[in-house]
Amino acid sequence: MPENVVPAHDQTVTHRYRIHYPAHEPRETDPHYRDFEAYRHRTRASAECQFGVDRVGDFSECGGNLELHHAHIEFALINAVDLALLEARYPGVSVVGEVGEWVNGSADNLMWLCEKHHRGLGGIHHAAAADWEAEHFIRNLIS
Ligand SMILES: [Zn+2]
Ligand SMILES: [Zn+2]
């Protein structure tokens with residue numbers, strides 16, 4: 001190995017920050033929870049982990065049941081959404097109905113992930129975005 005090569009190594013990464021949640025209803029009484037359940041019911045039969053789909057069908061690192069993930073906006077953040085920002089990227093979103101309907105009932109904001117790739121080590125809620133992306137092309141990157 002040339003002497004200017006950094007040898008393989010492990011590095012522990014920690015993220016710590018404060019997130020500012022607006023006031024929101026408990027999930028169980030969220031008026032759009034039924035949209036979420038309807039979307040789940042409608043798409044469950046054909047659901048696959050999006051991580052594996054993005055790996056062009058390699059589901060070898062998937063684990064656990066499939067779960068629905070809010071890809072852009074979690075339900076607890078709905079009351080803080082800047083509609084102008086959301087409309088700029090998803091034109092017509094406010095025409096669909098309330099933002100809550102888009103957040104909790106649309107394919108634009110909901111994606112299926114296996115438990116590992118959702119909430120597990122290296123999952124979308126665990127890994128930094130850059131590492132999550134790299135994981136698609138590097139096997140067993142995060143443990
Ligand atoms: Zn998966
Ligand atoms: Zn999620």
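Is Tyr17 buried or exposed? With a relative accessible area of 69%, Tyr17 is exposed, where exposed means over 50% relative accessible area, buried under 20%, and partly exposed in between, with a 1.4 Å probe and protein chains only.

Before I go on, some ground rules. This is a predicted model, so local features need pLDDT of at least 70 and side-chain atom pairs count only at pLDDT 80 or more, while totals for chains, interfaces and linings use all residues. Residues are numbered from 1 along each chain as its sequence is written, chains are lettered from A and ligands numbered from 1 in the order in which they are written, and side-chain values use heavy atoms, with hydrogens and water left out.

Back to Tyr17. Tyr17 sits in the segment before α1, residues 33-43; helices are DSSP runs of H or I with at least four residues, strands are runs of E with at least two, and both are numbered from the N terminus. Together with Ile19 and Tyr21, Tyr17 makes a nonpolar surface patch of about 390 Å². Such a patch joins nonpolar side chains (Val, Leu, Ile, Met, Phe, Trp, Tyr) within 5 Å, and like charges within 9 Å, using residues with over 30% relative accessible area and no salt bridge. The areas come from the Shrake-Rupley method with a 1.4 Å probe, and for residues only the protein chains shown count as cover.

Next, the zinc ion, ligand 2. Its protein donors are His69 (ND1), His118 (NE2) and His125 (NE2), at 2.0 to 2.1 Å. Donors here are N, O and S atoms within 2.8 Å of the metal (3.2 Å for Na, K and Ca); water is not among the atoms, so sites may look incomplete. Along the chain the spacing reads H-x48-H-x6-H. His69 is buried at 5% relative accessibility, whereas His125 is partly exposed at 45%.

Last, salt bridges: a side-chain nitrogen of Lys or Arg within 4 Å of a carboxyl oxygen of Asp or Glu. The count comes to five. In one of them, Asp58 meets Arg139 at 2.6 Å, N to O. That pair links the loop between α2 (50-54) and β1 to the segment after α7, 81 residues apart. Asp58 is buried at 18% and Arg139 exposed at 51%.

Arg119 has a salt bridge with Glu67 at 2.4 Å, N to O, and another with Glu115, closest N and O atoms 3.9 Å apart. Arg119 and Glu115 are four residues apart in helix α6, and therefore separated by about one helical turn. Shared partners join Glu67, Glu115 and Arg119 into one network.
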